[in-house]
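Open the model in your viewer and keep the selection panel to hand. Each stop below says what to select and what is there.

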Amino acid sequence: MPSAKSCTLKLWDKINSGAREHGLFRDKDAIVLAVSGGPDSVTMLDFFAKLARRRRLVLLIAHLNHKLRGKDSDKDEAFVKELGRAYGIETVTGRADIPALAKRRKTGLEHAARLARYDFLTKLALKRKFRLIATAHHADDHAETFLLNLLRGTEPKGLLGIPVKRTLAGKGGARVIRPLLRVTRAEIMEYVKANRLSHRKDKSNEDEKFLRNWVRKTLIPLIERKQPRFKAHLAELSAKLAPLFGRALPGKSAGLAKHLLKS
């Protein structure tokens with residue numbers, strides 16, 4: 001297994017190169033970090049916490065308890081609070097009744113949870129006058145989103161997948177940035193293991209009754225048996241479409257494919 005130093009340098013290089021290319025954050029920026037407690041967001045937190053002093057960043061950890069997994073959800077919340085104490089970063093938590101929101105909006109639990117999460121993050125950023133909200137979406141999430149949009153039926157814009165940054169509607173002009181979009185799930189797990197980072201495991205991510213889980217656990221591995229470069233091909237296609245919609249994608253078509261194939 002690669003050393004902790006080599007894993008760290010590799011992942012940091014990907015994040016920093018993407019941040020420079022797309023102007024994701026600057027010195028002295030105030031950033032709300034959306035931390036669920038899973039390996040993706042713990043990796044993002046570790047990156048920003050170690051970068052904060054040199055770049056004079058102001059950080060705030062945010063965690064929304066969706067109350068969907070009973071005691072496990074409460075343990076996630078407690079874990080994130082402990083992370084905040086360990087890193088010396090202020091942590092703000094909130095709670096939401098996702099089933100009630102889903103019923104009121106006549107939508108599924110996944111979509112309701114997403115609505116609640118972004119509402120929580122946006123209001124917090126506005127209240128605290130933070131310009132940026134960082135989420136831990138990564139390269140595999142991008143491929144999954146592409147396929148989900150395709151399966152559900154989408155306009156051409158839906159084939160762009162996850163944008164690396166976007167400005168949220170409403171007052172304040174808070175911007176969501178996704179600094180890990182050039183990093184794969186495998187690289188995140190390698191980083192977590194090499195740096196011995198504690199994290200929580202969301203068992204609901206294993207339940208294939210949720211379409212995204214089925215896409216991740218069954219559909220993509222099945223396709224990759226026939227075409228190992230499948231995720232890279234999706235990234236290339238999204239990047240080629242991006243200029244048509246003025247969208248910022250994780251990288252240029254060749255560049256992003258190269259990053260994905262390094263994992």
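**Stop one: a histidine and its contacts**

Select H138: leaving out residues up to four places away in sequence, H138 touches D40, L180, L181, V183, R185 and I188. Contact means heavy atoms within 4.5 Å. This is a predicted model, where local features need pLDDT of at least 70, side-chain atom pairs count only at pLDDT 80 or more, and totals for chains, interfaces and linings use all residues. Residues are numbered from 1 along each chain as its sequence is written, and side-chain values use heavy atoms, with hydrogens and water left out.

H138 sits in the loop between β4 and α6 (139-152). Helices (H or I, at least four residues) and strands (E, at least two) are DSSP runs, numbered from the N terminus. Is H138 buried or exposed? H138 counts as buried because its relative accessibility is 0%. The cut-offs: buried is under 20% relative accessible area, exposed over 50%, partly exposed in between (1.4 Å probe, protein chains only).

Now show the side chain of D40. A polar contact of 3.3 Å joins it to the side chain of H138. A polar contact is a pair of N or O atoms within 3.5 Å; within protein, one must be able to donate a hydrogen and the other to accept it, and residues adjacent in sequence count only if both atoms are side-chain atoms.

**Stop two: strand β1**

Select β1 (30-34). Five of its five residues are buried. In a regular strand the side chains alternate between the two faces of the sheet. Here A30, V32 and A34 point one way, and I31 and L33 the other.

Two strands pair if DSSP finds at least two bridges between them. Which residue of β2 is the bridge partner of V32? It is L60. I31 stands opposite L132 in β4.

Bring in α2 (residues 39-55): β1, α2 and β2 make a right-handed β-α-β unit. Right-handed means that, with the strands pointing away from the viewer, the path from the first strand over the helix to the second runs clockwise.

Select D29, in the loop between α1 (4-22) and β1. D29 is buried, with a relative accessible area of 6%. Beyond its neighbours within four places in sequence, D29 contacts R56, L57, V58, R131 and L132. A polar atom of the D29 side chain lies 2.6 Å from the backbone nitrogen of R26.

Select K28, in the loop between α1 and β1. K28 counts as exposed, at 56% relative accessibility. K28 is not a glycine, yet its phi is positive, about 75°.

Jump to K67, in the loop between β2 and α3 (71-87). K67 also has a positive phi, about 55°, although it is not a glycine. K67 is partly exposed, with a relative accessible area of 38%.

Select L115, A116, Y118, D119 and F120. Of the 17 residues lining the second largest pocket, these are the closest to its centre. A pocket is found on a 1 Å grid over the protein atoms alone, as an open set of points with protein on both sides within 12 Å along at least five of seven lines; lining residues have an atom within 4 Å of a point. Finish by colouring α5: seven residues, the largest share of the lining of the second largest pocket, come from α5.

Methods
1 Å grid on protein atoms, 1.4 Å probe; cavity = no way out; pocket = protein on both sides within 12 Å on 5 of 7 lines; lining within 4 Å.
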